[in-house]
Amino acid sequence: MHDDIWLADLCGLSTDKNCRAEKDIEIKEPVTTPKAKRSVRDFVTFNGTEYHIGSELMGCIKWRTTIENVGKDVYYTLWQENRYPMTRYISEDVQCRDMVVKRFAEIISAVHNVEVSPDYQTVIIPVRTEYDENGKPVHSLDGVSFEEALDKFRQFVEQNGHLPFASSGEYECSLRRWQQEINLDIRPLTHTQYKAYEELMSSYANLSKTRVLWEKKKEQGNMLNTEQQDLIHSKAYAQWTKEEDQKLIELYSKGETIEELCKIFARNKGAIKSRIKKISQ
């Protein structure tokens with residue numbers, strides 16, 4: 001009897017525990033939070049300034065390339081005002097064209113200091129004067145023959161060891177502008193002329209093309225020369241021995257030059273002359 005009650009109680013107890021266990025354990029479905037979509041970058045930066053375009057218009061045209069195209073036209077407007085139709089930069093079939101053109105006009109006016117007609121149909125590029133570092137106006141090699149200009153270019157490179165740079169003397173800037181006009185197909189050349197130009201430029205393949213590269217190359221060359229000098233004068237700070245003193249006097253008496261003595265004793269001219277003077281006293 002007691003065994004039956006105990007068994008029943010045990011069964012009941014175990015049942016209650018199972019119920020409580022089922023109540024305590026809740027099966028939770030895995031919740032997946034949708035990842036936030038990455039926002040499309042809708043800014044372009046020119047001259048350190050960010051210009052907002054908007055995600056709706058960002059995909060309509062290649063903004064950076066299109067704005068840079070205006071910059072090329074501005075760069076070469078040196079002799080007369082130029083007026084270009086807006087279709088030169090933005091075609092007629094662009095999506096949201098009216099909004100694109102209006103925002104484009106606002107940005108290029110700020111970036112390149114150009115004007116756009118009130119109807120947004122024409123880009124007006126004023127005459128631009130470029131100056132060198134001395135304040136003199138820079139022009140291209142206008143009015144000279146191709147052969148003469150090429151010869152001037154060759155002479156400059158041979159004398160200076162580098163291609164013409166942007167900010168230097170008026171003459172150097174003019175040579176550089178002439179080179180750029182050829183590279184950008186602004187200055188028309190015959191097949192023979194272009195071939196002669198290509199051959200000349202290929203021979204300059206290892207020369208520095210910018211002032212930064214040229215100065216870096218010069219600095220590396222100076223460091224190399226210093227290391228070579230240190231190697232030649234490796235005993236510059238070492239004490240002279242009696243044997244060296246005797247040999248120095250013997251060679252000097254025989255007429256050996258100071259330059260040769262520098263190589264033999266691995267010391268500079270000042271050290272050799274000073275030692276000879278001291279021993280001779």
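The stops below cover aromatic pairs, then charges over rings.

A word on the ground rules: this is a predicted model, where local features need pLDDT of at least 70, side-chain atom pairs count only at pLDDT 80 or more, and totals for chains, interfaces and linings use all residues. Residues are numbered from 1 along each chain as its sequence is written, and side-chain values use heavy atoms, with hydrogens and water left out.

Rings of Phe, Tyr and Trp (its six-membered ring) pair if their centres lie within 6.5 Å; planes under 30 degrees apart are stacked, over 60 edge-to-face, and the rest tilted. That rule gives eight aromatic pairs here.

Select Y89 and F104: this pair is tilted, 6.2 Å centre to centre with 35° between the planes. Y89 sits in the loop between β3 (82-85) and α4 (97-112) and F104 in helix α4, so the pair ties together parts 15 residues apart in sequence. (Helices are DSSP runs of H or I, at least four residues, and strands runs of E, at least two, numbered from the N terminus.) F104 is buried at 0% relative accessibility, where buried means under 20% relative accessible area, exposed over 50%, and partly exposed in between (1.4 Å probe, protein chains only).

Next, pick F146 and W178, whose ring centres are 5.9 Å apart with planes at 40°, so this pair is tilted.

Last stop: R88, whose charged end sits over the ring of Y84, 3.9 Å from its centre. That label needs NZ of Lys or CZ of Arg within 6 Å of the ring centre and within 35 degrees of the ring normal.
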